[in-house]
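Here's a quick tour of a protein model, written for someone who likes the cut-offs spelled out. Have a look at the structure first, then read on.

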Amino acid sequence: MSLKLRDLIRQVRACKTAAEERAVIAKESAMIRTAIREEQEQYRHRNVAKLLFMHMLGYPTHFGQLECMKLIASPHFPEKRIGYLGMMLLLSEQADVLMLATNSLKNDLNSDNRFVAGLALCAIGNLATSDMSRDLAPEVDKHLKSASPYLRKKACLAISRCLVKCPDMVEDFVDRVVTLLKDRSHGVLITVVQLMTQVLISDMQNREEDEDEYEEEESPARVAFLKLVPSLTKLLRNLLNVGYSPDHEIGGVSDPFLQVQILTLLRLLGTDNEKASEEMNDVLSQVATSTETSKNAGNAILYEAVQTIMAVESDDGLRVLAVNILGRFLLNRDNNIRYVALNTLSKCVVEGSAAEDDDESTSEGETDGPKSAASALQRHRGTVVDCLKDPDISIRQRALELIYHLVNAENVRTLTGELLNYLVLCPREHRRDICTRVLRVVERFSPDDRWRVDTLITMLTIAGRECSADVQSATIVYIGRSSEDLRAYATHKLLKAIRDDDGSQRGLLIVGVWCIGEYGDLLLQDYTYHPEPSIGPDGSPADDEPVSISFMAIEPSAVVSTVENVTKKHSCPAEVKERALTCFVKLSDRFVDIAEQETLDKLHELVKANRGSHSLEMQLRSCEYDALLNAAKGIKMSNGEKKDEDIFGVSEGGGEDMAAIQAAAKEALARMPVVDLKVIQKKKAAGLDSFGLDGLEDAESGNVISNAKPAGGGVGDSLIDLDTLFTDGGAPTQPAASKTQRAKQNGAGVAAAKGPEGAKSDMDLLSDIFSQPAAAETAPPAPAPAGGFDPFSSMSSPPIQQQAPAATPLDIFGGSNTPAPAPTPVANPLQADIFGATPAQPTPPTIAPAAPAPTAVVGGQDKGPVKVDAFSHQGLSVTFECTKPDNWNKQKSRLVAQIKNSTDAPIYGLSLQCAVPKYVVMEMSPPTSTTIPVTGGSNTKNVTQTIEVTNTMLGTKNLMLKLKVGFTSKGTKVEHMATCSGFPAGEY
């Protein structure tokens, strides 16, 4: 015999461990199964009750589902009650046995006992499927007309479930809803309002899921319910004006549950419907002004009223009233009410901003008028700011989110100061996001450049450790684009901040070291700034006198010592040390005519100190910067292989060449050009892929961008693609090739795609200085900050090495009969040419020699190399010797560029770039030298460069190349572009 329910509960509560509880449940479950198997009808209701208790504890009870069906069919009410309760808890609408209850439900719905019919209606409201809804809807409809309010309210809830499952039956019950709204029972009224709400929500969801099936006109149910808006507003007004009613009054409010349900229904009906919104404006105003706020019941009604006012097409005065209600909520002591108010205000601001952006007819004066919701929200700004000091983190986060939306041009100074104050106290994990948001606020609403720079430096001082690289880059861009006076102020302030910092604010150190290197000469002068007197609200000068800002001049040795002390700290990160090395070499140029020789020697020693560093980046920068300083001083550094030449390929007596190199080195150490943010944003938005090019290669590195696709366009389309690369769709730009090579030796590169600007600007020059082969990138460039440009986007990346070609399937060891192009080896790092030039060396085996190229077999006959003249410009001529390297592959060709110099002086800094149409795959090797000697001179070697191309549409389209060459001839920079298409038709 099984236990009674109370005995089972006692045994479970007496268990001291989970194992004991499981043992008790398992034993009792076994006894219940035995009773079910033996058909012990007298204990059936007791067993189902115990199964309900087990279900509450989380144990499986599926074996008792059929027992529930049997209890439902029992003629006794106590057993029916347990059976229906078990069915609603132990079964779901997906259970197969649920269909067995349809007949029992229909019989109980027709029962004379209202409590039995009420049990059936409750079961339908919880578990009815679409099939059950269609079968039982007529019986439920009968109870909607019942004389008992008890059955009418249960029938409303049941039919609500049926209509959600079968939306096509809505039209049949619309008339019944109109009648029920006149019912005097509050229980019936609240259920019929819930019925209408569920129908509208279901209709909206169905329209969102099947937009194609529904036309733009409103559904029949919504059209019918819109006609009931006057009745709903009248019902709500009666609830507000009714006297004391002890049956429905809660906390001094008459039936708050019904009021909340009516307001929810009005919000659904008034959304995007101006006529319905106008009908409910008066009653909404009455609810907002006459509801008692001392109890939670009144606050609940006011919150729902605010939600409705903000959702419908209400007038500005009503929206101001709603904002003021939320402002009163912020003064409440209950954190739950304050949280709800902050969250609702944030939603209102976001939705209001989106609506103003979409509404083009609304003018700025009308949007921000004194009676608008936005201006009303600004009046509660102080209360929102006080929420930042709340001990509850959730309140602080919601207040912080709201403050971002409250900022405008008038209050940006005040609110940004509050954000910076909160930045000091907030958890460290939140600082990164706050810094990014402050940057957006500063960029959008900054009153002047000085305040913007001052705010960003203060933020770096507080949270430089957590701020992102975008914030650092934006700060540098704004300082670089400012006036000379503001640069001096920013550099002085950054130097002071670095001195006071303990070395933990990484972002501050990066920005400060960069600015000291660029504008270190401004630190050697006194600086004083006298701010203009502030203007009061009435237009007259304020009483407070502005405070002057002064910085004393700093000795060059003190500037160097400050940066040196930063690098000596144990906690100094590697990226700060890299910037410091660049700072030292820049200061050597800034102080060359000012500082003492001892300071200049110290700077040079600091540059050379990392030549043996374990960091490859530091070692590379140290060696290259050392060579750059020596070149700027005119000091020759001997070549290890050729004693009569230096590392730049200049022999004894080459005074003019050395003077040109010295001038170029000094130019490399000069200040960076001002960043043009508009051009940068256009370039990043356009991207290289938008030009339709599949082959762009840097002649110095040999890196390739190749993505060949069979193109269906004609030759004209391909020529347009080629022209776009170098001409930007207009006049050709003239990037400085020598600066490109120097910047690569400096280790900084930012790939900038050509934008649609036709004329040359400072940004074009900057793009060339920081240009880098695009093939070396393994990921797209990081998005720029809202400011636009990141000077550090690649400084901390490791040196890029060329990838070997993939092995063919025939060679399991990865070998290849054809050697891959490789860069010219350098004996030691000091021999590298900081301007891209390499000393004359024997041609490596991977570069095509100047001797006649190997012949290719075409059409069964041996043919010598085909020579095609590419171009000749200012003494530099390029001729291609074309051959077929593989007898079995007619599409592949090898083009050896013979580069000749017909002037009377060497040509330096050769840079040859090539672009091809989409149907051509290209692989380009570096030139044998970037210094072109005079052709025909003694002991001179021809300079060559190999290009391998594959024409995937051979026989249909001919090969064509777009060439861009840059070089320095007799101290003058020359750039030239040409199109080469004279290759034999059908063969190349």
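Which residues have the most contacts inside the largest nonpolar core? They are Met87, Ile124, Phe225 and Leu423, in a core of 167 residues. A nonpolar core here is a set of buried Ala, Val, Leu, Ile, Met, Phe, Trp, Tyr and Cys residues joined through side-chain atoms within 4.5 Å. Buried means under 20% relative accessible area, with exposed over 50% and partly exposed in between (1.4 Å probe, protein chains only).

Some housekeeping: this is a predicted model, where local features need pLDDT of at least 70, side-chain atom pairs count only at pLDDT 80 or more, and totals for chains, interfaces and linings use all residues. Residues are numbered from 1 along each chain as its sequence is written, and side-chain values use heavy atoms, with hydrogens and water left out.

Helices (H or I, at least four residues) and strands (E, at least two) are DSSP runs, numbered from the N terminus. Leaving out residues up to four places away in sequence, Ile124 touches Leu105, Leu109, Leu136, Val140, Ala158, Arg161 and Cys162, where contact means heavy atoms within 4.5 Å. There's also a second, separate core of 37 residues, with Phe591, Met618, Ala631 and Ala665 among them.

Next, a helix pair. The axes of α24 (residues 431-445) and α25 (residues 449-463) come within 10 Å and cross at roughly 175°. The axes are lines fitted to C-alpha atoms, for helices over the stretch in contact, and angles run from 0 to 180 degrees between N-to-C directions. That makes α24 roughly antiparallel to α25, a label for angles over 145 degrees. On the α24 side the contact includes Cys435, Val438 and Leu439, and on the α25 side Trp451, Leu456 and Met459.

Finally, the sheet. It is open, has 5 strands in the order β9-β10-β11-β14-β13, and its pairing is antiparallel; two strands pair if DSSP finds at least two bridges between them. β9 (866-873) and β13 (920-924) stand at the edges with a single partner strand each, so one side of each has no neighbour in the sheet. Ignoring direction, neighbouring strands are turned by 25° against each other on average.

Two of the pairings go like this:

| Strand pair | Sense | Bridges |
|---|---|---|
| β11 and β14 | antiparallel | 8 bridges |
| β13 and β14 | antiparallel | 5 bridges |

Ile947 in β14 has Leu895 opposite it and also Met924. As for burial, 8 of the 9 residues of β14 are buried.

How values were computed: Parallel < 35°, antiparallel > 145°, perpendicular 65-115°, else oblique.
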